[in-house]
Amino acid sequence: MADATGRTIGGKYQLVELAGEGGMATVYKGIVRGAAGFQRAIAIKHIRPEYRALKTYIDMFIEEARVGSELAHPNIVQVHAFCSDDGSYYLVMEWVEGVDLGTLIKVYAAAERQLPWATAVTIAIGALRGLGAAHTRVGPDGEPAPVIHRDVSPHNVLVGVNGIAKVSDFGLARARDRAGGLTAPGTLKGKLLYLAPEVALGGPCTVQSDLYGVGNLLWEALTGTRLIDATTEVEVFRKLRAYAVPPIAERRPDLPAELAAAIATSLAPDPAQRFATADDFAHALEDGLGRWAEGDPIARLGAAVIGVRTQVASARTRSANLGLDATDAHGAAPKVESEVMTRVKRKADP
């Protein structure tokens, strides 16, 4: 599709450079200008032209704007505005200077290094705080109006150079105050490898399925491999039907026992055996982190993000010097649907 860099939308939001492209949308880094030379970096998400005529995708995009605008929390990527320009829709969001969790995992795995467990746990705690705010949302009438994310996956958790983790992309979320769904009943939502077993097999999305998603991400961040290791949908469903979680201590013997137990609880096959709330899961992780980790976990996470960004930038520079596209250096095409400026390798992506 044509690059819209340089374009100004809504009279004040300028698209500065392409940040990444996903299956449904393109993300730009942009700036918004104000009086006396004021300007601020923003992320601008633009629905791809081939989906602009499809009502289902437009409805999902509008839903992302609606839900995101009502979720104000430090661990959720904030939605600033939603606008239409020349027949297309744009979502204006907080710009997170950092990387997504998928990038962090892949860079460590490519270097054959293990992500420090305290760093992985710090990211999970931030994601749980954001999800907890969505799960406990209250509507304008003061009544509970919880939002289930439904797509907790590595590229939807962003980590900044300031060490703060944020949940992004509520495009598949459904608040219970919505009268109808966004897709036909029975349609599979989210990325199959990251769905809770009961959801992948036709059950409802719940708080517990979101918490399974965080446990799944923690498993992958700590081991460098996916919890459900499969290459076809048939194989994924077969493994989910026979779902069993191997003890993470076999892969990470350095992980404190109480943290291993918390992860096992979040990944329990029966949703009723998982944590009741995101806060319960976060508290279990915080207790273990506080007891066993030394130093400032936020500062440590920020340093890890800066290190990963440096490695990605170096790889891009080497590629340019060799006359290659940045994707060639990483062996595959980029996959960036989040508000980060990076290119990542996708060898293991579905």
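## Ground rules

Buried here means under 20% relative accessible area, exposed means over 50%, and partly exposed is in between (1.4 Å probe, protein chains only). Helices (H or I, at least four residues) and strands (E, at least two) are DSSP runs, numbered from the N terminus.

The model is a predicted one: local features need pLDDT of at least 70, side-chain atom pairs count only at pLDDT 80 or more, and totals for chains, interfaces and linings use all residues. Residues are numbered from 1 along each chain as its sequence is written, and side-chain values use heavy atoms, with hydrogens and water left out.

## Helix α2

Start with α2, residues 101-110, a mostly covered helix with eight of its ten residues buried. The buried ones are Leu101, Gly102, Thr103, Leu104, Ile105, Lys106, Val107 and Tyr108. Contact, by the way, means heavy atoms within 4.5 Å.

Both ends of α2 are worth a look. After the helix comes Glu112, with a positive phi near 55°.

Two strands count as paired if DSSP finds at least two bridges between them. By that rule, three strands make an open, antiparallel sheet in the order β7-β9-β10. β7 and β10 (165-167) are the edge strands, each pairing on one side only. On average, neighbouring strands of this sheet are turned by 25° against each other, direction ignored.

The antiparallel pairing of β7 with β9 runs over three bridges, and Val99 stands opposite Val159 in β9.

## Where α3 goes

For angles, axes are lines fitted to C-alpha atoms (for helices, over the stretch in contact), and values run from 0 to 180 degrees between N-to-C directions. α3 lies across β9 and β10, and runs at about 40° to β10.

How do α3 and α9 pack, and at what angle? The two helices pack at about 100°, with their axes 9 Å apart. That makes α3 roughly perpendicular to α9, a label for angles of 65 to 115 degrees; under 35 counts as roughly parallel, over 145 as roughly antiparallel, and the rest as oblique. From α3, the contact uses Ala118, Thr119, Thr122 and Ile123, while α9 brings Pro297, Ile298, Arg300, Leu301 and Ala304. These contact residues divide into six nonpolar, two polar and one charged, where Ala, Val, Leu, Ile, Met, Phe, Trp, Tyr, Cys and Pro count as nonpolar, Asp, Glu, Lys and Arg as charged, and the others, Gly among them, as polar.

The loop between β8 (147-148) and β9 holds His155, which is buried at 9% relative accessible area. The His155 side chain makes a polar contact with that of Asn156 at 3.3 Å. Such a contact is a pair of N or O atoms within 3.5 Å; within protein, one must be able to donate a hydrogen and the other to accept it, and residues adjacent in sequence count only if both atoms are side-chain atoms.

Most residues other than glycine have a negative phi. Arg150, also placed between β8 and β9, has a positive phi near 75° and is buried at 11%.
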